[in-house]
Amino acid sequence: MSEPTPTDKEKKKPIPPAMSGRRALPPNTSNAEEDEVPVMEMTGLVPRGVNLKDFLEVNEVHMFKGVQEVNKQEHHTDKYYHPKLIVRRGQAFQIQIDFNRPYNPEKDQFWLEYVIGRYPQQNKGTYIPIPLVEELQSGTWGAKITWKEGSSIRLAIMSAPTCIVGKFRFYVAVLTPFGILRTKRNPETDTYILFNPWCPEDSVFLDDEKEREEYVLNDLGVVFHGDINNMKTRSWNYGQFEEGILDACLYLMDRAKLDLSGRGNPIKISRIGSAVINAKDDDGVVAGCWDNIYAYGVAPSVWTGSVDILLEYHSSGMPVRYGQCWVFAGVFNTFLRCIGIPGRIVTNYSSAHDNDANLQLDVFVDEEGKVDPKLSKDSIWNYHCWNEAWMTRPDLPIGFGGWQVVDSTPQENSDGMYRCGPASVQAIKHGHVCFQFDAPFVFAEVNSDIVYSKAKKDGTRVIEHIEKDRIGKLILTKEIGSDRAKDITEQYKFQEGTDEERLALETALMYGVKKKTSQDTVHQLGTDVNMDFQVENATLGSDFKVTVTFRNNGHNRYTATAYLSGNIVFYTGVTKNEFKSHSFDVTLEPLSSKSVDVSIKSSEYMSHLLEQASLHFFLTARLNETKKILAKQKTSVLQIPKLHIKVPGEKVVGKEMSVIVEFTNPLNQKLENVWVRLDGPGLLRTTTTKMFREIPKNSTLTWEEKCIPRQAGIRKLIASLNCDALRHVYGELDLEIERKPFL
């Protein structure tokens, strides 16, 4: 494309004064904005008597963009509910051009052009001239004529495997003796170019077809939550192929002001994605809320998928309220898969949030054995969800590509914004936390030690106990091809206590993880007495017990004063309030064990309970003879009732079917203002919600909804229920939809 004339420039938007002394053009950060491309670029005056229509002219361009046509089938983009051409970079696609007369290669010269954004420049990759070539070559743009008949030709177009990902405008340019004639702007020829995990030269190449089907093409996922002793699952509708989602995902990069020239780089895209998915400092997609107050918004537990969130954000440009870690991870996964980057959700059980980057979680107790909340600032999340994105890392040494941690939950500031990653999983495992981005924080999430210290009145601190195997106890993701859990803990850390594990820890310390700076900490010798406790599994609203066990392995008799504190906590480990405080004395005979049961009544916790029904117990004991402090903590999640979904009758594409949602109120109180949400990708056109004013205690809610399935095969219905008294109530149903019979 030739440079614009001074007259053309005057018609453009004025260049901001702040830019004019430093660069020729402003940043090109919007895929949606366009510059007008001239239809004619004359190099001089056209002599009288010359009719430009005598030269080769384009009558029509066929993009073969139908779902059943060659391009979308070969590029694995046939699932996108989108009328435009969608292809993947680094792979040839087909078009047809109808001219006003037969094309004569000896006297006619034309080329193709792709343009994206404003201020198109070839060296930035925002203006791409595509020449005709004899043979297509991988790694570079080119167009080859594959068929010619009458005034029509077909072309195979090869795109570069490093090109920008986004929506391009398409033109055909014809060279005449008097200048260039170009087709008019035609939105019907717009082309979306995505990352290509099927292309070996693409930086997101994944060499296993089953993995590509799971991590790129699967529009349904599973989120693992709960706690290590009571793991729970819920399905999530990623909906990356639904109507409007592709444009919404491209809009996110515009909102993040990522220069178009950087949109071919998955490292940059995943990093800005981890920032723009949350609304902490840039009015991103989802506003986080962890205080159990969801005024003017939707409780995080209500969401069943990403589609409504992304469409609302694209429409309003305002953060959607509210989300927590699994919501951020679900929306981020939709973004990754939609633009072609393989992605998956990962759950880390007993996830550390290390506030001071010293690679340990510090718990301080006073001389009476009670936790000091003023000193204990670190927290342990029951679970934390983040994402992994698959890509090469040419910015790191060989061996650190592959899965990269990216986390959009706003926890800590990174380079001035709330974001995290991409951090190499391999680097985290081996302790190479010097490699960007944010590896020290992720390393601490999965590898911290819990250090229990006694804070004395004279200011000294005595380390009483170190718990080395609780953090990052289990790390899960969805198994390929099923809803079962896949244990990937060993991808993040070596087995606890091995030489490799200690070496990784020492390597992390060597590479700059902040070490303890206080010099007043001393270690106290161990003791003959061990202490542990178990929390009985219980359903929400029931009584249960906590069993405390002491074991005296020595030959001395001990007496101990124990203190059990029961707290209502957010799933992030942050305490809301204490609901149980119980002290008791115990005598421990030599070489013996002793157990004590502590009863927990439902009346003690129900009025304070938060939405995930999470209880945290902290047990301390002081040996009166030695003044030694024993400490142990555990989290318990109560069982929450489920929704039940039924689909009676035939299940056939294009034929109406009934979906019945049922729920029985198990609480000894009525539920008020109950919202039920039903989602079904490929089954329901949109997510459906209904409000029930009241559900009396022990009564059953029944809701019937009609729908017409659009896709055959195994599909899933997902439902959620939400009210002030009860949240995180889910239900789901897998069903097989039959194809419409041929008449």
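This is a predicted model: local features need pLDDT of at least 70, side-chain atom pairs count only at pLDDT 80 or more; totals for chains, interfaces and linings use all residues.
**Two glutamates of the site**

Zoom in on glutamate 496. You will find this residue in the loop between helix H11 (489–492) and helix H12 (499–510). Show its contacts beyond four places in sequence: Lys468, Asp469, Glu501 and Arg502.

Move to glutamate 501, in helix H12. Glutamate 501 has a relative accessible area of 4%, and because the cut-off for buried is under 20%, it counts as buried. Beyond its close sequence neighbours, glutamate 501 touches Phe494, Gln495 and Glu496.

**Helix H8**

Next, select residues 325–339, which form helix H8. How many residues of H8 are buried? The count is 15 of the 15, so the helix is largely enclosed by the rest of the structure. Step on to glycine 340, which follows H8 and has a positive phi, near 105 degrees.

**Aromatic pairs**

Now colour the aromatic rings. The model holds 24 aromatic pairs. Pick tryptophan 386 and tyrosine 492: their ring centres are 5.9 Å apart and their planes stand at 55 degrees, so this pair is tilted. Tryptophan 386 is in strand S18 (residues 379–391) and tyrosine 492 in helix H11, so the pair ties together parts 106 residues apart in sequence. Both tryptophan 386 and tyrosine 492 are buried.

Then go to phenylalanine 579 and tyrosine 605. This aromatic pair is edge-to-face, at 6.3 Å centre to centre and 70 degrees between the planes. Phenylalanine 579 belongs to strand S31 (residues 575–588) and tyrosine 605 to helix H13 (residues 602–605), so the link joins distant parts of the chain, 26 residues apart. Phenylalanine 579 is buried, at 11% relative accessible area. Tyrosine 605 is also buried, at 0% relative accessibility.

For a cluster, select Tyr114, Trp141, Phe168 and Phe170, which ring pairs link together.

**Charges over rings**

Two last stops. Lysine 280 lies over the face of tyrosine 418, 5.3 Å from the ring centre. Arginine 344 lies over the face of tryptophan 403, at 4.1 Å from the ring centre.

Note on methods: Residues are numbered from 1 along each chain as its sequence is written. Side-chain values use heavy atoms; hydrogens and water are left out. Helices (H or I, at least four residues) and strands (E, at least two) are DSSP runs, numbered from the N terminus. Contact means heavy atoms within 4.5 Å. Buried means under 20% relative accessible area, exposed over 50%, partly exposed in between (1.4 Å probe, protein chains only). The expected span of a helix is 1.5 Å times one less than its number of residues. Rings of Phe, Tyr and Trp (its six-membered ring) pair if their centres lie within 6.5 Å; planes under 30 degrees apart count as stacked, over 60 as edge-to-face and the rest as tilted. A charge sits over a ring if NZ of Lys or CZ of Arg is within 6 Å of the ring centre and within 35 degrees of the ring normal.
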